[in-house]
Every structure is written in structure tokens, then in C-alpha cells.
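Dear colleague,

My notes on what was found follow below.

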Amino acid sequence: MELVTLIAAITIFALAIFLGFELITKVPPTLHTPLMSGANAISGITVVGALILLQNTPYNNANPGFAAWLAFAALVLATINVVGGFTVTNRMLKMIAGKRGRK
Amino acid sequence: MDNAIWDVGYLVASILFILGLKKLGHPRTAPTGNLYGAMGMLLAIVVTIAQMDFGVIDNFILIGAGLFVGGLIGYVMAVRVQMTGMPEMVALFNGFGGAASALVAASEVFRRIDQNDLPEDLELYVAWIAIGLSALVGWMTLTGSLLAMMKLKGGVEIFGTWYRTPTWGPEWLNYVKGLILIAIVGLLYMTIKEPGNQDYVIAIIGLSCILGIFFVLPIGGADMPVVVSLLNSLSGIAAAFTGFIIGNNVLIIAGSMVGAAGLILTNIMCKAMNRQLIDVLFKSFGGSDKEQVTRTKIGSDPEEVAMICDGISKCVIIPGYGMAVSQCQHQVREFADILEANGCEVKYGIHPVAGRMPGHMNVLLAEASVPYEKLIEMDDINSEMGECDVALVVGANDTVNPAARSGEGPLAGMPIINADKARVVVMVKRSLSVGYAGVDNDLFYEDKTMMLFGDGKKMMTELVSSMKEL
């Protein structure tokens, strides 16, 4: 990584943190759990990292990768996090918001 | 074509995440927000796979298998979980997210050591610091979340024996935690000095796991939602560090955004409980020293309660964790329906931390088709409690304990629902035992309080049938 890339990455990091602080202001208690669960599903973005590593890491070399299996485990866990997280959030929100719409 | 063009896809995904998170904070737009988040994630995954080199087919089998297996497990777990188990599920998924980031970091470091592909100079510093921090935060999130999950459940079953999850934390444990943290930072320095030595990495992983356990161990059950929220924030940060390792912006953006937003949410939740985050984390509270209950109270039977409830004009139902455990929300609604048919006004008073997770009660009552407008938040319902004829407390304890107003004991300062202001208080509870905070409740022993001892579902069913017989 070159210095310029690093600085760019740190810039993005810092700005995204400020963005996150501003994004959530007043949240009604009803939405605390769904919001937590939804945000948690988004943090499953690490699935992209697992995919990239898995592609870069040959697992059928002479010394097959322990590393590849770690990346595979990461991929499985991250996918559980992503799919499960969004599904469970959706279920919760349906119960909260859906019933209200019916009334 | 330059591969950088794919980054536009990541940009769109990031924008979807930002909009999604924003929309998740408002009741009306929340479902759309969740959908945006999911679309952003799908886009990020598709973009990542699309830019791969399709020459090496072997890895694609692993990739396909991983996505399929993970997706299937996640979906099945999410669909099958009971509404009462929702908080545990969130904690578990959160742990998985943290572990995934930590595993990515571990995979990268072991691959580099294995292939003797060690970076140099600046790259070494960036990669190794990011790997170390990602491991620290990620493993800590995993063990912390797993422990939090068991605490939310109240215990764990191993080979048919039930073990209660302990809450233990003398003050010196805080210093131990500090020492572990310093040790990890020291080890991090050593990994940079000796990048080829994987022992240091393993030591970091081990210490981080222990730190996660020590972090959650002293925290009582009532504070668990706050901790889960904080761990959620940490898993975002772990993902951001992972982004530095592989040099991917979408990870950095989504991860740090979730990290920051999670911290804000944690703070909001602390405020709802009138607690300081620092106190929650470092002062052991709740569940440890339970008061012994020495007083007694004669229980009432459902017929008596039904007679009292006949002809009243205003009733407030205050649900708690007991309702979630016994799954009696449908019976509660049936009871409310009968009262309403007799011209009584029925409202539900929802304490912000009722249950084991904010919004827990709302979800359960919504499942029983209780209209959203009838769920009244604590501050609004409290102003009406004075004119309330009957307050029906279903499986709640700490959230209506007047001891909180006294300014002493573990509950001091926690806002409560003023059930004691109602003319008659009916409490459905299994026994007189103390609540999560371990404090005896004076409300039980007041003359106007009628106790219905028993399982929530059974008692509410009997109450409903008694009402029908009147």
C-alpha cells in the first residue's frame, strides 16, 4: 500500500465515522432492536473481504492452505450474519410496521 | 478495461448502506431501509465476484459452497427463531460478524507467513497493525457476544444439565482487562518486529478471546442490550480494519459507519435506562447480590380479579419479560378485547427496557395484532396512570419497582412505569422472587395489589375464561 492510498483510506475511515455519528439521532425505543440488527447485518460486509481472500488464496497448492480454510470459515460466518441479519430484521419490522398499516 | 471501474459498484453499495441505515431509524421507513441495506450487500457481493479471475475454478467451488451453506444456515435460523429468542439471535449473528472479520485477518496473516510473502516498510505497518486490531476487536466480539447470548438466555445446557450463566466481576478485574489490553498492544509491536513469527499472532487471538469474556462477565442481565449494542458497534469497527487489510473501501465505509452509529445507539439505549455507559461497562451491577425475600403475600385467584375488572373504565397493561417467556401475548390481547367490549379503555404501557431488548414487547404485542397506537411509551403513560382503574402487570418486576424512585440500591434512578399510581394493581407473576436487578419489590405487598401467582399463559387464560363467565 502506498502512502497516498493509505491517506485516502484513513480519510474515508474518518469521514465515515462522522457520517455514522450524524446518521442516527432520535430513535424510538421500538426501533432499537431492529436498528441494531439491521446495522449488524451491514457489518457483515466483511463477506467481501472473505470472498477476495478466498479467491487469492490457492487451497490446492502443495502446502494447501490453512489460510484458505480460514477464509472459507469467514465466508460462511459472514454470510450467516448477512442473510440471517437482514431476514430477522425484516421479520421484526413486519410485525411492528405491518400490523399498524392494517389498522 | 481498468478494474477500478468496479469500484463504482462499491460506491453505489455504500450509498445504499447510508440510506438504509438512515431509514432504519424511522418507524415508517424502516422496512425500506432494511431492503436498501440488503440490496447494497447483494450488489457488493455481485461486484466482488464479477471482477474475479475465472481462470482458477477450484476456488469457485469453495466460494459457491460458502455462500450457499452460510446463506442457508442464516436463513433457516432467522426464520425459525421464536420472537422471544430474537435478542439472543441478534447477539449470535453479531458474534459471527466479528468472527468473520477476525478470520479474514487471520487468513491473510497465515497466508503471507506461509508463502513467505511478507510486506515491507509502510505496507508492513499498515497490514500488521490492521490485522492485529481486526483480530483484537473481532475475537473479542465473538466471545463477548457468545457470552452475552448465554446471559440473555439465563444459562446454557450442556449434556442435559442446565448451568446458570454467572455474573462475576470484582473491581480488580478491570485492571486485569487493562493489563491484557496492554499485553495485546505489546504483542502487536512484536509482530511488526518479527513479521514471520506466527506465535505472536496466535497469542493475540487467545488474549483477545479472553478479553471478550472478561468484558461481558461482570455485566448484569438487565444491561445486556446495551452490551450487545456496543459489541455490534465493535463488529463494525472490525470490518473497517479488515478493509484496511485488503485495501477495500466499501468495507471501510460500511464498517466504520456501523461502528459509529452503533455507538450512538448504545448511548441512546443507556439514556433510556438513565445509566452512564461507563457505569454499565465497569461497575458490576445486577444479578449478583440478590436480596432475600422474607415477606409474604397471599395470592388472589382469577375470579376475584375478573370481578374487580368488571365495569372499570380504564386499564393499563404493563408487560415484561414474563410475557415473552410464557408467550401469553395472545391471551393478554383477548383479555383486552373483553374489557373493550365492555366499554373500557385499554392501553399498553411499554417500558423502554421491558423484556431483554428494547422493542421486545412491541414485537410480541404486534404479533398478537395489538394496534400500534395502543402501545404507549413510558413517559406518556405515566401521566395517565393516576386515572387508571386497573394496572395489569404481566411478568414485569424491575420496570414497575417503586424502589427505583428512592435513589438507593441497584435500581436507583432508573425510570419506571408508575403502576403504583393506579387504583388497583394486578400482577401476574410466578412468585414473589426478585427481578433481574435483585431487588425486592414493595409494590407486591401493598394492599391494593393483587397477585396472580402462576405461569403467565395459564393465569391469563384462566382470567379470560373468568371474565367470560361473568
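Across the interface of chain A and chain B, the rule finds nine residue pairs in polar contact (both at pLDDT 80 or more), where a polar contact is a pair of N or O atoms within 3.5 Å, and within protein one must be able to donate a hydrogen and the other to accept it, while residues adjacent in sequence count only if both atoms are side-chain atoms. On the side of chain A that touches chain B, the largest share, 33 residues, comes from α4(A), helices being DSSP runs of H or I with at least four residues, numbered from the N terminus.

Please keep in mind that this is a predicted model, in which local features need pLDDT of at least 70, side-chain atom pairs count only at pLDDT 80 or more, and totals for chains, interfaces and linings use all residues. Residues are numbered from 1 along each chain as its sequence is written, chains are lettered from A and ligands numbered from 1 in the order in which they are written, and side-chain values use heavy atoms, with hydrogens and water left out.

The contact (heavy atoms within 4.5 Å) takes 86 residues from chain A and 106 residues from chain B. No salt bridges are found across this interface, a salt bridge being a side-chain nitrogen of Lys or Arg within 4 Å of a carboxyl oxygen of Asp or Glu.

Turning to the cysteines, the structure holds zero disulfides over all chains, a disulfide being a pair of cysteine sulfur atoms within 2.5 Å. The sulfur of B:Cys315 has its closest cysteine sulfur in B:Cys344, 5.6 Å away, which is too far for a bond.

With best wishes

How values were computed. Helices (H or I, at least four residues) and strands (E, at least two) are DSSP runs, numbered from the N terminus.
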